[in-house]
Amino acid sequence: HVEVFDADDRFFNHYRIDHDAKVFGAQWASFCRFAVFGVLGDALDSGSTDPRRTVFFDRLEAGVAARLAAAPEQNRIPLAQLVLEKRRRR
């Protein structure tokens, strides 16, 4: 069984309350840094040991934060729940 659904964008829900676009952008950028940037950083010449990695992440995070803060909107977060059943061999 599989169920596909959209998760809540908790950062946008918070933005609806406080209307602080800068915080909205910063929260999404911070999440992206820890959830996605590592894969991008691995593409640098020396991968995870590349000395440019931290600067790259800092600049990317600042850019994402600024861009999202400039035009806050709800993000679609598709998720799936999968239920598997292991059958016994007879």
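User: Where does arginine 53 lie?

Analyst: This is a predicted model, so read every value as computed from it. Arginine 53 lies in helix α4.

User: Is arginine 53 buried or exposed?

Analyst: Start with the cut-off: buried means under 20% relative accessible area. Arginine 53 has a relative accessible area of 16%, so it is buried.

User: Which residues does arginine 53 touch, leaving out those up to four places away in sequence?

Analyst: Arginine 53 touches Gly38, Gly41, Asp42, Leu44, Gly47 and Ser48.

User: Where is glutamate 61 placed?

Analyst: Glutamate 61 is in helix α4.

User: With which side chain does glutamate 61 make a polar contact?

Analyst: The partner is arginine 33. The two side chains make a polar contact at 2.7 Å. Beyond residues up to four places away in sequence, glutamate 61 touches Ala29, Ser30, Arg33 and Phe37.

User: Now the rings. How many aromatic pairs does a search of the whole structure find?

Analyst: The search finds seven aromatic pairs. To read one, take the angle between the ring planes: over 60 degrees counts as edge-to-face. The rings of phenylalanine 11 and tryptophan 28 have planes at 80° and centres 5.2 Å apart, so this pair is edge-to-face.

User: Why does the pair of phenylalanine 11 and tryptophan 28 tie together separate parts?

Analyst: Look at the elements. Phenylalanine 11 lies in helix α1 (residues 10-18), and tryptophan 28 lies in helix α2 (residues 21-35), so the pair ties together parts that are 17 residues apart in sequence. Phenylalanine 11 counts as buried, at 10% relative accessibility. Tryptophan 28 is buried too, with a relative accessible area of 10%.

User: Which aromatic pair is tilted, and what are its distance and angle?

Analyst: Phenylalanine 37 and phenylalanine 57 form a tilted pair. The rings are 5.9 Å centre to centre, with 55° between the planes. This pair links distant parts of the chain: phenylalanine 37 is in helix α3 (residues 37-41), phenylalanine 57 is in helix α4 (residues 53-70), and they are 20 residues apart.

User: Are phenylalanine 37 and phenylalanine 57 buried or exposed?

Analyst: Phenylalanine 37 is buried, with a relative accessible area of 3%. Phenylalanine 57 counts as buried at 10% relative accessibility.

User: Which residues form one aromatic cluster?

Analyst: Phe11, Trp28 and Phe31 do.

User: Where is proline 78, and what does it contact?

Analyst: Proline 78 is also in strand β2. With a relative accessible area of 45%, proline 78 is partly exposed. Setting aside neighbours within four places in sequence, proline 78 is in contact with Phe5 and Asp6. Proline 78 and phenylalanine 56 are 22 residues apart along the chain, and their C-alpha atoms are separated by 28 Å.

User: Last, the backbone. Which residue has a positive phi although it is not a glycine?

Analyst: Histidine 19 does, with a phi of about 55°. Histidine 19 lies in the loop between α1 and α2. At 57% relative accessibility, histidine 19 counts as exposed.

Key: Residues are numbered from 1 along each chain as its sequence is written. This is a predicted model: local features need pLDDT of at least 70, side-chain atom pairs count only at pLDDT 80 or more; totals for chains, interfaces and linings use all residues. Side-chain values use heavy atoms; hydrogens and water are left out. Helices (H or I, at least four residues) and strands (E, at least two) are DSSP runs, numbered from the N terminus. Rings of Phe, Tyr and Trp (its six-membered ring) pair if their centres lie within 6.5 Å; planes under 30 degrees apart count as stacked, over 60 as edge-to-face and the rest as tilted. Buried means under 20% relative accessible area, exposed over 50%, partly exposed in between (1.4 Å probe, protein chains only). A polar contact is a pair of N or O atoms within 3.5 Å; within protein, one must be able to donate a hydrogen and the other to accept it, and residues adjacent in sequence count only if both atoms are side-chain atoms. Contact means heavy atoms within 4.5 Å.
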